[in-house]
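Have a look first, then follow the questions.

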Amino acid sequence: MKAITLLGSTGSIGTQTLDIVNDHPDKFRIVGLAARRNVTLLAEQIRTFRPQIAAICDETKLPELKAAIANLDPQPILLAGESGVVEVARYGDSETVVTGIVGCAGLLPTLAAIKAGKDIALANKETLIAGGPVVNPLIQEYGVKLLPADSEHSAIFQCLQGVPEKGLRRIILTASGGAFRDWPVEKLAEVKVADAIKHPNWSMGRKITVDSATMMNKGLEVIEAHFLFGLDYDNIDIVIHPQSIIHSLIELQDTSVLAQLGWPDMRLPLLYAMSWPERIYTDWEQLDLVKAGNLTFKAPDNHKYPCMSLAYAAGRAGGTMPAVLNAANEQAVALFLDEKIGFLDIPKVIESVCDRHQTDNSQNPSLDDIIAVDQWARQEVLAVKTKLNQTVTV
């Protein structure tokens with residue numbers, strides 16, 4: 001039975017991970033849980049899975065959490081704040097930490113788990129995008145495994161099983177095209193929040209669904225693939241595949257192409273990351289190619305989705321630029337979700353912030369450098385947003 005710690009337990013990744021644990025009680029047990037602020041759901045999860053330790057990031061919610069499980073025996077260790085989440089990440093005998101925290105907030109807990117010798121089931125792509133120059137050396141130093149738990153990188157990882165060293169030639173990331181794949185570019189100026197958080201294929205959180213709509217999600221995955229698999233950006237491509245049946249492909253040195261297929265269900269990559277190198281039987285719906293029907297592909301539209309080009313440029317710039325891109329995107333998406341900027345303003349704001357960072361880009365950043373530029377980029381987005389609003393008003 002594998003011991004699991006779950007960060008971001010009340011989010012989309014977290015609840016699906018717990019569904020897997022619930023379906024396979026003979027394979028997995030929960031050691032630790034951490035959530036952002038959803039006390040009601042976290043308390044329910046604590047009662048069901050009986051972790052040894054749990055944390056809620058919003059410190060003001062700790063008294064409410066304590067009250068919600070006051071009659072539970074035995075009581076778990078209860079912590080709060082970012083430091084509490086870090087403590088959960090490195091606590092106890094858990095073998096694998098599933099990182100379902102959204103955004104750069106997942107970086108410090110992930111680093112703590114690595115230093116505690118725990119394998120990482122990585123569902124938080126921002127950890128590598130912002131912190132790759134720091135994370136990858138620590139993975140090597142502590143001898144732990146970094147197992148991708150999102151669909152695209154899991155597909156690549158699965159296809160690579162048995163491929164000889166240096167056999168990989170190219171990565172092809174598939175993209176659904178997001179909520180606006182069938183919209184003409186002229187109509188994007190009319191996009192509302194309600195439109196952007198409706199994904200045609202996947203059930204995901206609000207932030208990542210907006211990232212899918214801008215295609216920044218795919219751009220971020222390009223940077224993540226670079227850090228995970230070591231390929232140059234010229235050898236990482238994106239193709240639109242609206243059906244989301246092929247989750248990604250690899251091309252080998254002899255031009256042979258391997259693909260991983262399945263229904264769009266996040267539980268599959270999560271299960272594989274949690275159980276690797278084993279394959280666990282499930283009663284999930286099997287893929288029926290006849291039912292799936294036609295599988296189609298087309299080139300991505302860089303004019304319609306400028307965030308992809310921004311991500312490639314940031315990846316090629318290297319250093320702290322991907323961290324700035326990631327932070328600027330997180331802040332811009334948050335402003336959009338709060339209806340403080342428009343959908344088309346998201347790439348404009350990100351590009352402006354990245355442009356301002358060019359002269360300060362550090363090629364060999366420390367963790368402190370990454371944290372500093374992350375904070376700078378978020379503040380810079382607010383400054384750009386203020387100027388944007390002034391321009392609109394004028």
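Q: What makes something a salt bridge here, and which residues are linked in a network of them?
A: A salt bridge needs a side-chain nitrogen of Lys or Arg within 4 Å of a carboxyl oxygen of Asp or Glu. In this predicted model, Glu126, Lys207 and Asp211 are linked in such a network.

Q: Why is the pair of aspartate 211 and lysine 207 called a salt bridge?
A: Their side chains meet at 2.6 Å, N to O, and the cut-off is within 4 Å, so the pair counts. Aspartate 211 and lysine 207 sit four residues apart in helix 9 (residues 206–214), so about one helical turn separates them.

Q: How do you know whether aspartate 211 and lysine 207 are buried or exposed?
A: Buried means under 20% relative accessible area. Aspartate 211 has 1%, so it counts as buried. Lysine 207 has 13%, so that one is buried too.

Q: What does the salt bridge between arginine 29 and aspartate 93 tie together?
A: The two side chains meet at 2.6 Å, N to O. Arginine 29 lies in strand 2 (residues 28–35), while aspartate 93 is in the loop between helix 4 (81–90) and strand 5 (96–99), so the pair ties together parts that are 64 residues apart in sequence.

Q: How many salt bridges does the rule find in total, and how many across the interface of domain 1 and domain 2?
A: The count comes to 15, but across that interface the rule finds zero.

Q: What is between domain 1 and domain 2, then?
A: Domain 1 (2–148) and domain 2 (317–388) come from the domain assignment. There, 11 residues of domain 1 are in contact with 12 residues of domain 2. About 800 Å² is buried between them, and carbon and sulfur atoms give 74% of that.

Q: Which residues touch the most other members of the largest nonpolar core?
A: Leu325 and Ile350, out of 125 residues. Helix 14 (residues 321–337) gives the largest share of this core, with 11 residues. Beyond its neighbours within four places in sequence, leucine 325 is in contact with residues including Met216, Leu310, Ile350 and Cys354.

How values were computed. Residues numbered from 1 in each chain as written. Predicted model: local features only at pLDDT ≥ 70, side-chain atom pairs only at ≥ 80, totals over all residues. Heavy atoms only, no water. Core = buried A, V, L, I, M, F, W, Y, C linked by side-chain atoms within 4.5 Å. Buried < 20%, exposed > 50% of the residue type's maximum accessible area, 1.4 Å probe, protein only. Helix = DSSP H or I, 4+ residues; strand = E, 2+ residues; numbered from the N terminus. Contact = heavy atoms within 4.5 Å. Domains from an automatic or database assignment. Buried area = accessible area lost by both parts, 1.4 Å probe.
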